[in-house]
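Please keep the sequence and the structure in view while reading.

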Amino acid sequence: EVQLVESGGGLVQPGGSLRLSCAASGFTFSFSSYSTSWYRQAPGKERELVAYISRFGGVIKPADSMKGRFTISRDNGKNTVTLEMNSLKPADTAVYYCSVSRDIEIYWGQGTQVTVSS
């Protein structure tokens, strides 16, 4: 079965950096057949897209508010997706989710908490 496991979340001070990782496994097709994204959801708010990366990394689309601060990448050999976050702000506090999709298929990880606070 498909499994997505996020890691790397935690508490960080404003202006700090954090790297989130998503380990994927159990796919019917090769990992490179799936596009991947990071989403986040803050308490009381709707889930929003953070960044998207195409199958082979040719198309990378970070959300406007995260441009210049967040970077998404993937390693198809290791079946991983990474989100590097810099210049973190308190508004970035949320549960971050890894998402993988192909055609009609879509999968979600359990999420990892990121808290930006002094």
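In the account below, helices are DSSP runs of H or I with at least four residues, and strands are runs of E with at least two, numbered from the N terminus. On that basis the chain, which is a predicted model, contains 0 helices and 11 strands. Its pattern along the sequence is accordingly β-β-β-β-β-β-β-β-β-β-β.

The overall dimensions come next. A compact globule of 118 residues would have a radius of gyration near 13 Å, and the chain, at 14 Å, agrees with this. Along the principal axes, the C-alpha atoms fill a box of roughly 45 × 25 × 25 Å. Among contacts with a separation of 6 or more, 53% join residues 24 or more positions apart.

The chain carries 12 positive and 10 negative charges, whose mean positions lie 5 Å apart.

Of the 118 residues, 42% count as buried. Which residues touch the most other members of the largest nonpolar core? Within this core of 28 residues, they are L20, W38, V50, F70, L83, M85 and Y96. Two or more core residues come from each of β3 (18–25), β5 (48–53), β7 (70–75), β8 (80–85), β9 (94–102) and β11 (112–116).

Apart from neighbours within four places in sequence, V50 contacts W38, Y39, R40, P62, A63, M66, F70, L83 and Y96.

Key
Residues are numbered from 1 along each chain as its sequence is written. This is a predicted model: local features need pLDDT of at least 70, side-chain atom pairs count only at pLDDT 80 or more; totals for chains, interfaces and linings use all residues. Side-chain values use heavy atoms; hydrogens and water are left out. The radius of gyration is taken over C-alpha atoms; the globule rule is 2.2 Å times the number of residues to the power 0.38. Buried means under 20% relative accessible area, exposed over 50%, partly exposed in between (1.4 Å probe, protein chains only). Contact means heavy atoms within 4.5 Å. Lys and Arg count as positive and Asp and Glu as negative; His and the chain ends are not counted. The place of a charge is taken as NZ of Lys, CZ of Arg, CG of Asp or CD of Glu. A nonpolar core is a set of buried Ala, Val, Leu, Ile, Met, Phe, Trp, Tyr and Cys residues joined through side-chain atoms within 4.5 Å.
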